[in-house]
Amino acid sequence: MLHPTNPAEPLDLGPLVSQYEQPLRHDSQFQDIIRVSAPSAASISALVICSFHDTSPRVGQVTRFPLPSRGRAPRLPGATRYFNMPSHVSAQLALVGPAGRAVWVEHDWETQKKRVMRFQMRKDGWEGQGASDAVSALLPTDAALPFLPDTAHSLAFDEVTGRVCIGLFNGEIYVMDFV
């Protein structure tokens, strides 16, 4: 980061709070999906969706990094969970919250349909190994709504309330509560 008054001098951001590294699959070719959440008092999370040079399934990765806690605040464990996506789909408009819940619009290239997907680990899932049941459709392609997921242009997500806001190409905005 550059210093505001002297661009040749680096800006001092203070002491390092936490430092983490997470390896990515070496044979991946990145898609346009790398998202980092806003931090909470306890954690920050990242969502990465990788594609490959061949027809291998895409791989999603959600990593939750714990932040140093103050006082008696609970400390969430740091963990990474992977999930597979079929090779004929791609993720678009992805968002992730600080506790590791994520939503994205998934485009199926075979059917040319889109749906809204979610990643949500059970509370004990971050300590376990499996994540297959953590991915599910939040809005199917044929949901009984006044719009189709195909028309989604922007996405907002409030992890705490479970609220998802979808903005459409025509300017309409829909707010949905998922509990």
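Predicted model: local features only at pLDDT ≥ 70, side-chain atom pairs only at ≥ 80, totals over all residues.

Mentor: Residues are numbered from 1 along each chain as its sequence is written, and side-chain values use heavy atoms, with hydrogens and water left out.

Trainee: How many aromatic pairs does the structure hold?

Mentor: Rings of Phe, Tyr and Trp (its six-membered ring) pair if their centres lie within 6.5 Å, and planes under 30 degrees apart count as stacked, over 60 as edge-to-face and the rest as tilted. The structure holds three such pairs. For Phe83 and Trp104 the ring centres are 5.4 Å apart and the planes lie at 15°, so this pair is stacked. The pair links distant parts of the chain, with Phe83 in strand S4 (residues 79–85) and Trp104 in strand S6 (residues 102–108), 21 residues apart; strands here are DSSP runs (E, at least two residues), numbered from the N terminus.

Trainee: Which residues do ring pairs link into a cluster?

Mentor: Phe83, Trp104 and Phe119 are linked in this way.

Trainee: Is Cys50 buried or exposed?

Mentor: Buried means under 20% relative accessible area and exposed over 50%, with a 1.4 Å probe and protein chains only. Cys50, in strand S2 (residues 43–52), counts as buried because its relative accessibility is 1%. Arg58, placed in strand S3 (residues 58–66), is also buried, at 16%, and its C-alpha atom is 8.7 Å from that of His88, 30 residues apart in sequence.

Conventions. Helix = DSSP H or I, 4+ residues; strand = E, 2+ residues; numbered from the N terminus.
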